[in-house]
Amino acid sequence: MLLTNATLATLIGPERYGLIENGAVAVEGERIVWVGKADEIPAEYRAQEARNLEGRLVTPALIDCHTHIVFGGHRAREFEMRLEGASYEAIARAGGGIVSTVTSTRAADEKSLLTDALKRADALIAEGATTIEVKSGYGLDQETELRMLRVARAIGRKRKVRIKTTFLGAHAIPAEYAGRADTYIDEVVIPTMHAANAEGLVDAVDGFCEGIAFSPDQIARVFDAAKAMGLPVKLHAEQLSWLGGTALAARNGALSADHVEYATADDAKAMAAAGTVAVLLPGAFYTLRETRMPPVAAFREAGVPMALATDCNPGSSPVTSLLLTMNMGCTLFRLTPEEALRGVTVNAARALGLDDCGVIAPGKRADLAIWEVADPSELSYRIGFNPIHARIFGGTE
């Protein structure tokens with residue numbers, strides 16, 4: 001494959017978006033083999049039949065690095081309750097929130113979970129996504145957690161998309177373990193992690209460090225078990241309050257700390273030193289009508305890579321659009337359009353521990369998105385508009 005007459009947003013180098021005007025990309029198999037100006041195409045690639053993109057924009061394909069797209073049921077009534085004045089925390093403590101989705105997910109079989117998850121995955125794919133992270137965490141028992149992870153793997157077999165799975169057994173405390181969080185970790189979380197790892201179902205381990213979920217000390221035990229199995233870790237941290245979860249994530253060399261609205265400047269410095277990515281989730285901020293913004297200025301100053309993701313889930317972020325997420329990242333969190341695009345490409349790849357995608361460069365996977373726009377900033381600027389022209393996954397459409 002040889003793509004010519006394109007505007008390339010390579011995201012390589014210090015220039016704006018790493019732009020190459022009148023650019024070309026040569027692909028062999030699943031990999032990019034050459035990138036540059038169209039009038040400098042090496043002789044060995046000129047013999048290929050060229051595809052003239054007529055000036056269209058080409059970016060790395062999009063990456064959603066934080067989703068919960070496998071679940072049963074919905075929580076539309078809770079959306080109403082929040083509008084009637086109930087807080088997210090109050091709903092959770094009354095038996096709603098994550099625990100209510102657990103009931104629906106436990107009752108759903110593998111086929112129905114997959115059918116619904118594919119609809120959500122298709123929405124992301126339709127906007128140029130080629131990599132999607134999928135978390136468990138709505139089973140909170142071994143049988144359902146493993147079922148969720150099997151469904152996540154099945155998405156990658158049913159669609160041309162790369163799936164990275166994350167075990168999130170430490171998402172909430174199920175009703176049968178109320179008041180016994182440590183026992184739940186011992187009897188369910190750690191044994192299920194072992195079972196999932198033995199079955200090849202897990203790529204990383206996550207937890208929810210929050211007053212309505214697990215303490216830093218409890219999450220530390222989960223992290224210790226994950227690291228003993230050689231699994232990387234990440235963490236939902238500092239979303240509703242400050243508990244020290246972000247610092248815990250950094251101390252454990254976490255791939256990412258996600259949400260992080262209550263993170264501090266010191267947390268940012270610790271993340272930068274550890275190479276931990278800040279995954280910003282404006283969909284949850286918007287849906288919950290939060291007012292505490294993540295410390296974007298501190299992340300910039302410390303040099304923390306910032307990723308963006310949908311956080312697609314049935315309660316706090318029913319979002320299946322990375323393009324909308326980019327717009328919200330700019331309008332709500334004051335990211336620049338370039339930061340937003342990097343947030344759903346190169347920095348999202350880093351948040352998943354991937355180094356073979358997220359930029360347009362020789363040796364990287366040929367995961368590309370071709371857009372009907374003139375400038376990369378249009379991807380964040382428009383609302384409710386999908387300008388995708390074509391999506392290339394591993395060198396094929």
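Guide: Gladly! We begin with a few terms. Helices (H or I, at least four residues) and strands (E, at least two) are DSSP runs, numbered from the N terminus. Contact means heavy atoms within 4.5 Å. Axes are lines fitted to C-alpha atoms, for helices over the stretch in contact, and angles run from 0 to 180 degrees between N-to-C directions. With these terms, we can read a helix on strands: α7 (residues 181-198) lies across β8 (162-170) and β9 (204-209), and runs at about 160° to β8. Helix α8 (residues 216-228) also packs on the sheet, where it touches β8, β9 and β10 (235-237). The direction of α8 makes about 175° with that of β9.

Visitor: Where do these coordinates come from, and how are residues counted?

Guide: This is a predicted model, in which local features need pLDDT of at least 70 and side-chain atom pairs count only at pLDDT 80 or more, while totals for chains, interfaces and linings use all residues. Residues are numbered from 1 along each chain as its sequence is written, and side-chain values use heavy atoms, leaving out hydrogens and water.

Visitor: Where is confidence lowest in the protein chain, and where is it highest?

Guide: The number to look at is pLDDT, the predictor's confidence in each residue, from 0 to 100. Where pLDDT is low, the predicted coordinates should not be read in detail. Here the protein chain has a mean of 96, and 100% of its residues reach 70 or more. Confidence is lowest in helix α3 (residues 88-93), with a mean of 77, and highest in β6, at 99.

Visitor: What is the order of the strands in the open sheet?

Guide: Two strands pair if DSSP finds at least two bridges between them. The open sheet has 8 strands, in the order β6-β7-β8-β9-β10-β11-β12-β13, and the pairing is parallel. At its edges are β6 (62-64) and β13 (306-308), each pairing on one side only. From one strand to the next, the twist averages 25°.

Visitor: How can I check the length of a helix?

Guide: Compare its ends with an expected span, which is 1.5 Å times one less than its number of residues. The 18 residues of α7 should span 26 Å, and its end C-alpha atoms are 24 Å apart, which agrees. Helix α5 (residues 110-125) has 16 residues and should span 22 Å; its end C-alpha atoms are 22 Å apart, so that agrees too. Just after α7, G200 takes a positive phi of about 70°.

Visitor: Which residues of α7 are buried?

Guide: Buried means under 20% relative accessible area, exposed over 50%, and partly exposed in between (1.4 Å probe, protein chains only). In α7 the buried residues include A181, Y184, I185, V188 and M193. The buried residues of this helix pack against α6 (142-158), β8, β9 and α8. In α5, L113, L114, A117 and R120 are among the buried residues. Their cover includes β6, α4 (98-107), β7, α6, α13 (322-333) and β15 (388-392).

Visitor: Is Y286 buried or exposed?

Guide: Y286 counts as exposed, because its relative accessibility is 54%. Y286 lies in helix α11 (residues 282-287). Leaving aside residues up to four places away in sequence, Y286 touches M328 and L332.

Visitor: How many salt bridges does a search of the whole structure find?

Guide: Side chains of opposite charge can pair when their charged atoms come close. A salt bridge is a side-chain nitrogen of Lys or Arg within 4 Å of a carboxyl oxygen of Asp or Glu. The search finds 24 of them. One joins E176 and R106 (2.8 Å, N to O). E176 is in the loop between β8 and α7 and R106 is in helix α4, so this pair ties together parts that are 70 residues apart in sequence. Another joins E143 and R147 (3.1 Å, N to O). These two both lie in helix α6, 4 residues apart, about one turn of the helix. E143 counts as exposed at 57% relative accessibility, whereas R147 counts as buried at 10%. Finally, E30, R365 and D367 are linked in a network of salt bridges.
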